[in-house]
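This report considers selected loop residues, their backbone geometry and their surroundings. The sequence and structure are shown below.

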Amino acid sequence: MDMPSRESKQAKDERFDMVDITQEVQKAVEEKSIEEGICLVYTTSVTASILVTSTDNPAGHEDILEDLDRVFPDRGTFRFSGPALKGAAHAKSAVAGTSRDFIVKNGILDLAPSEGIFLTRFYKDEEAQYKV
């Protein structure tokens, strides 16, 4: 099921953001009447990732994004032919991953109470979409 592009109103950094898509993924599971099995969530963007992290402390999301930025800074020495920020976004996406599998039990995503599924965009000049 294709899902629409998402924007975050919570992002403090103009370069990247994390959008909680947990409820939308759960809704897709319900619409497909999946009772038991595996649910794959995949982003079609090479500058985005699907991450699983806590929903309890959004400040931790900033830590994740800042740490990835420290590992993959927007340096001018990327061999990538586009903007340095986009080159860094490609590297972050490749390491963080573009898909996640989730167990479905009794029609519900089997997540811990404080876990959420996040579409994470590392290059905000491009839309990021995901599929369930």
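## Basis of the assignment

A residue is called buried when its relative accessible area is under 20% and exposed when that area is over 50%, with partly exposed in between. The model discussed here is predicted.

## Loop residues with positive phi

Most residues other than glycine have a negative phi. Ser 33, although not a glycine, has a positive phi of about 55°. Ser 33 belongs to the loop that runs between helix H1 (22–31) and strand E3 (37–43).

With a relative accessible area of 59%, Asn 106 is exposed.

Ser 45 is located in the loop between E3 and strand E4 (48–54). Is Ser 45 buried or exposed? The relative accessible area of Ser 45 is 9%, which is under 20%, so this residue is buried.

Beyond its neighbours within four places in sequence, Ser 45 is in contact with Ser 93, Thr 98, Glu 126, Glu 127, Ala 128 and Gln 129. The side chain of Ser 45 also makes a polar contact, at 3.1 Å, with the side chain of Thr 47. Computed along the sequence, Ser 45 and Tyr 123 are 78 residues apart, while their C-alpha atoms are 9.9 Å apart in space.

How values were computed:
Residues numbered from 1 in each chain as written. Predicted model: local features only at pLDDT ≥ 70, side-chain atom pairs only at ≥ 80, totals over all residues. Heavy atoms only, no water. Helix = DSSP H or I, 4+ residues; strand = E, 2+ residues; numbered from the N terminus. Buried < 20%, exposed > 50% of the residue type's maximum accessible area, 1.4 Å probe, protein only. Contact = heavy atoms within 4.5 Å. Polar contact = N/O pair within 3.5 Å; in protein donor to acceptor, adjacent residues only side chain to side chain.
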